[in-house]
Amino acid sequence: MEELINTIKQQIIDALNLEEMTPDQIDNDAPLFGEGLGLDSIDALELIVILDKCYGIKLKSPAEGKEVFKSVNCIADYVQKNRTK
Amino acid sequence: MTKIVATNITSPLGLTTEENYAAVKRGETCLKSVEGCLGVPGCVCVGIFPDEQRRALKLDGYSWYESLVIHSVKEALSHTAVDYASPRTIFILGTSTAGIDELGDVPEKDGDFRSPGLAAKKVADRLGIVTVPITVSNACISGGTAQLLADRLISSGLYDVAVVCGADVLSAFVLAGFNAFKAMSPTECKPFDIERMGLNIGECAATVVLTKNDDNNKGDWFIIDGCLNNDAYHVSAPIPSGDGVYRTITNILTPELKESLACVTAHGTATMFNDQMESKAIENAGLGDIYTTAYKSHFGHTFGASGIVEPIITMCSLDEGIILPVRGFDEIGVSGRIKICNSIESTDKSAFIKIQSGFGGCNGSVIYSKNHGPIKTPVLLDYKTLNEIRITPDKVMFNHKSLSVKSSGPDLITELYKSFLSDGSRFYKMDLYSRLAYVATGLLCKDAIGDCSPEDISLFVFTQNGSILADRKHLSTFCTPEEYYPSPAIMINTLPNVVLGEIAVKNRIKGETTLIILPYRDDSIIDMVVKASVSDSRPSLVIYGWVDCDAEDSFDADLKMLRIK
């Protein structure tokens, strides 16, 4: 699980161009949107692409991703349960 | 104020204004579900030309976009005797993408490759128009912006005739982008309806030919006035209050004009956010009691064409004394108190307002009427240059003094960002052209805006290659069906005006923000467009100039900030 969490963090950093940020600077439980990492609606759509591209998970809309994208822990949990690749 | 002397609509519903209007009046749509459309996995609902019609319209040696523009303009010009080969005739295009997908087929640096500006030049040459064409790329409001620019150039006495064409075509490029944005409805769109699920993309070219008023009216339509602005909220979402659209309406709507309006022709894209926001703007502007109509369920969202095709349909309907209903609308699904036209309604009024909004935070309103209004007299501008900046790969000049920098090329722009701005913005998510424009305007505005109100600041950026680097990157994200992962963050940068939204959000710019593509840099055109626009909208501060980037190591930003007295 620890490994998956770190992989996801790096994938988020790369895909969202979080310049000069390292995986250990992202708190596993901190909210990704608003406070915390401060991601926005375009980033949410980009996270949907990560899930599809890296783990074969297809979310239909950002609304569906609302619970999944709460924190890195939530994403890792969801990926572990639903991944197809 | 200018007179509309000829029109054309070239869409899957017909090849003339008359054919299109008749089809819309009959309640027809060109939207249909297509499996694997242009290589997009799954099923999409789009407004697309049937293959047979495509083959008939496509011209050898011209792209599909260019072919549609040529058809539309030629057909419109066949209805009028204006001298389009005169140096007093200007050709203005409005497009969000200009069929950029053909990039994929053409090797870089190939002589045949055409940016939107060069495509416009090629079309102008074919049509026999001799002046340098101007391409407005303000995303979904490009068509409205193009008409308003034409109105301003004619009102300023610079031209006698303007041929204005708005066009966008369906491409794998655009479909992939909007797919990634999750904004497309899987079924025919339902503007303003409670069950609306997003937009459909359509393809179309539409033309209006404008002249100055010559007192020889035979029931002609006029463009009375228009207003553009930015809501400085977010690059891909409109401000929920509808404040931007509201301000464009109230800025031009005198009590007399308000009294004369038969209806509001809305943008009505059928996305959750757009329709809700528009309903608030219409209600707050005091137009909730007259009918609101919209046509995207007939044509789809035709982007650059929408701001021209939609007013043409309303002109035709008001010529018959009727307002057409919104196809697909059943139950109101917006909170603004507005009156959606739900069946053919009769009216004795002959004026309307067209409203529109687009990516990059831009909004626009244009008022059309059969009764001509007062003629605007051009105002002589008195201005003072506050700041000037020039950024090239190895040098930065600020007010004619060289700034000491350590890096060069793309790193130079990042260095400038870190040294002077570092504002936690979306800088690192931008393509190079956007970063360049963002940093250059950021330096110009730093400590220079003072107490100037955001509504009184305007921004005009001129370019040749615009978002070409982002376009190429976007194409690489969906080259095969197995590796089909278009990125929303890259897609947003393929609209060259989106960076104006980033700049507006950062610097609180709520006046007009306009992006113009030229075939090549021509400072006399830049000065002419800015002066004609500024003498109409009268901002206090203007930021304008050239921003271009055609490779990682080849870019140029040359911008000025003026104070208008």
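1. **Before you start.** This is a predicted model, in which local features need pLDDT of at least 70 and side-chain atom pairs count only at pLDDT 80 or more, while totals for chains, interfaces and linings use all residues. Residues are numbered from 1 along each chain as its sequence is written, and chains are lettered from A and ligands numbered from 1 in the order in which they are written.

2. **Chain B as a whole.** Chain B has 17 helices and 23 strands. Helices (H or I, at least four residues) and strands (E, at least two) are DSSP runs, numbered from the N terminus. The C-alpha atoms of chain B fill a box of roughly 70 × 60 × 50 Å along the principal axes.

3. Of the 565 residues of chain B, 59% count as buried. A residue is buried if 20 or more other C-beta atoms lie within 10 Å of its own, exposed if 12 or fewer, and partly exposed in between, with C-beta atoms placed from the backbone. Two residues are in contact if their C-beta atoms, placed in that way, lie within 7 Å. Among contacts in chain B between residues at least 6 apart in sequence, 79% join residues at least 24 apart.

4. **The nonpolar core.** In soluble globular proteins, nonpolar side chains tend to be buried together. A nonpolar core here is a set of buried Ala, Val, Leu, Ile, Met, Phe, Trp, Tyr and Cys residues joined through C-beta atoms within 7 Å. The largest one has 207 residues, of which B:I92, B:A162, B:L436 and B:A440 touch the most other members. Helix 13 (residues 432-445) of chain B supplies the largest share of this core, 10 residues. Take B:I92 as an example to look up: leaving out residues up to four places away in sequence, its contacts include B:I134, B:V136, B:A162 and B:V164.

5. Two strands pair if DSSP finds at least two bridges between them. Strand 22 of chain B runs parallel to strand 20, joined by six bridges, and B:I457 has B:L541 as its bridge partner. Strand 22 and strand 23 of chain B run antiparallel with 10 bridges, and a hairpin of two residues connects them. Within this pair, B:A551 is partnered by B:S554, and B:V542 by B:L562. Strand 17 (residues 383-392) of chain B is also antiparallel to strand 23, through eight bridges, with B:E388 opposite B:K560. Strand 22 of chain B is mostly covered, since nine of its 11 residues are buried.

6. **Helix 17 of chain B.** This helix (residues 523-537) has 15 residues and reaches 21 Å from first C-alpha to last, close to the 21 Å expected at 1.5 Å a residue. The expected span is 1.5 Å times one less than the number of residues. Its buried residues include B:V529, B:V530 and B:V534. The buried residues of helix 17 pack against several elements of chain B, among them helix 5 (142-155), strand 20 (457-463) and strand 22 (541-551). Just after the helix, B:R538 takes a positive phi of about 50°.

7. **A three-strand sheet.** Chain B also has an open sheet of three strands in the order 2-3-7, with mixed pairing. Strand 2 (31-35) and strand 7 (201-202) are its edge strands, each pairing on one side only. Strand 3 (residues 43-47) runs parallel to strand 7, with two bridges between them, and B:G47 has B:G202 as its partner.

8. Is B:K74 buried or partly exposed? It counts as partly exposed, because it has 15 C-beta neighbours inside 10 Å. B:K74 lies in helix 3 (residues 64-77) of chain B. B:K74 and B:N8 are 66 residues apart in sequence and 8.8 Å apart in space, C-alpha to C-alpha.

9. **Where the chains meet.** The contact takes 12 residues from chain A and 12 residues from chain B. On the side of chain A that touches chain B, helix 2 (residues 41-55) of chain A gives the most, with seven residues.
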